[in-house]
Amino acid sequence: MQAMVLERPGEPLRLIERSEPLPASGQVRVQVAACGVCRTDLHVVDGELPNPKLPIVPGHEIVGRIDKVGDGTDALSIGQRVGVPWLGQTCGQCRYCHNGSENLCDRPLFTGYTRDGGYATHMVADARYVFALPQDGDDIATAPLLCAGLIGWRSLQIAGDGQKIGLYGFGAAAHIIAQVACWQGREVFAFTRKGDDAAQAFARTLGARWSGSSEDAPPEPLDCAIIYAPVGSLVPLALRAVRKGGRVVCAGIHMTDIPSFPYDILWHEREIKSVANLTRQDGEEFFKIVPKARIRTETVSYPLTRANEALADLRNGRLRGAAVLVP
Ligand SMILES: [Zn+2]
Ligand SMILES: [Zn+2]
């Protein structure tokens, strides 16, 4: 098999050839058809997340077909089309696993971070955390749903049911969640980097009622806002944009420091909340909504061996929609 491997944070990924992994008991092996490139991969590659497994194969937006099964994986069969997400395994024993918050598990494993992921032709996954997908479908278009879609969905749930919703950072997650929010009958306000006219126009084609720069005040106060860009200075900007009692949700795993801000913009019961990881239930809910909301993803595909180029394009904001690697 081939894999793009990170040996040390800060270095480019290296193409390696090695023998195909064998699934252990409870595991399945997936022949990867497509793997999305998520901003979290950049944080892993750039060394912004602590204690990755090294060397590591990044990638946690995996669509493929099962080509080998270990013992005790009766729910899945060879040839089945599946998706493998960020949540690779949880302990099933800690207080969070017990109270329905497995996303906060004390002893988790994460695909492409603490276990090998999908920047490869093959990968092995714990069968209990794999999502069965419809047998037919566009693999490249589906890949970004596995994280941008899932984490986006969780962040939308946590934002609450406000009618006027702001999305800060109009990349892979926002372009999916804008469609879900419009389908739910909400009004979407899209905020991008200053001068990014292309992203602002893109947001309007996906149903946004208004789009503009993150420094702009929206035309009317928002009920809630979700920040997808890893930029801490957006937090006070979003707080200023939401109404009394409004909520600001930080959806990324890593953010630059949040600058200090006057208490006045948090006053009146405004809230700031972060979103961490996903639960399997989030996935089950979200994949039911995908066909109903007729979600279309915008993707740019790269051969697996050009993973470094895809990461660079994401880092430099050169993408419209989501990058996807194809082995
Ligand atoms: Zn746990
Ligand atoms: Zn991700």
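User: Among contacts in the protein chain between residues at least 6 apart in sequence, what percentage joins residues at least 24 apart?

Analyst: A contact means heavy atoms within 4.5 Å of each other. In the protein chain, 69% of the contacts between residues at least 6 apart in sequence join residues at least 24 apart. Please note that this is a predicted model, in which local features need pLDDT of at least 70 and side-chain atom pairs count only at pLDDT 80 or more, while totals for chains, interfaces and linings use all residues. Residues are numbered from 1 along each chain as its sequence is written, chains are lettered from A and ligands numbered from 1 in the order in which they are written, and side-chain values use heavy atoms, with hydrogens and water left out.

User: How many helices and strands does the protein chain have?

Analyst: Helices (H or I, at least four residues) and strands (E, at least two) are DSSP runs, numbered from the N terminus. By this count the protein chain has 9 helices and 17 strands.

User: How much of the protein chain is buried, and what is its accessible surface?

Analyst: A residue is buried under 20% relative accessible area, exposed over 50%, and partly exposed in between (1.4 Å probe, protein chains only). Buried residues account for 55% of the 327 in the protein chain. Accessible areas come from the Shrake-Rupley method with a 1.4 Å probe, and for residues only the protein chains shown count as cover. The total for the protein chain is about 14,200 Å², and carbon and sulfur atoms hold 48% of that surface.

User: Which residues coordinate the zinc ion (ligand 2)?

Analyst: Donors are N, O and S atoms within 2.8 Å of the metal (3.2 Å for Na, K and Ca); water is not among the atoms, so sites may look incomplete. The zinc ion (ligand 2) is coordinated by Cys38 through SG, His60 through NE2 and Cys147 through SG, at 2.0 to 2.2 Å. Along the chain these donors follow the spacing C-x21-H-x86-C. His60 belongs to the loop between α1 (39–45) and β4 (62–69), and Cys147 to the loop between α3 (139–142) and α4 (148–159), so the pair ties together parts that are 87 residues apart in sequence. His60 is buried, because its relative accessibility is 0%; Cys147 is also buried, at 6%.

User: How is helix α7 (residues 234–241) placed, enclosed or open?

Analyst: Helix α7 is largely enclosed by the rest of the structure, because 6 of its 8 residues are buried. These residues are Leu234, Val235, Pro236, Ala238, Leu239 and Ala241. Their cover includes β10 (164–168), β13, β14 and β15.

User: What does Ser214 touch?

Analyst: Leaving aside residues up to four places away in sequence, Ser214 touches Tyr168, Phe191, Thr192, Leu234 and Leu237. Ser214 lies in the loop between β12 (210–213) and β13 (222–227) and is buried, with a relative accessible area of 8%.

User: Where is Leu104, and is it buried or partly exposed?

Analyst: Leu104 occupies the loop between α2 (95–98) and β7 (109–110), and its relative accessible area of 40% makes it partly exposed. The C-alpha atoms of Leu104 and Asn277 are 7.4 Å apart, although 173 residues separate the two along the chain. Leu104 also touches Tyr96 and Ala276, not counting residues up to four places away in sequence.

User: Which backbone angles deserve attention in the loop between α1 and β4?

Analyst: Most residues other than glycine have a negative phi, and most peptide bonds are trans. Leu54 and Pro55 are joined by a cis peptide bond, with omega about -10 degrees, and Pro55 is in the loop between α1 and β4. Asn51 lies in that loop too; its phi is positive, about 50 degrees, although it is not a glycine. Asn51 is exposed, with a relative accessible area of 67%.

User: What is the phi of His268?

Analyst: Phi of His268 is near 70 degrees, a positive value in a residue other than glycine. His268 lies in the loop between β14 (242–250) and β15 (271–274) and counts as partly exposed at 35% relative accessibility.
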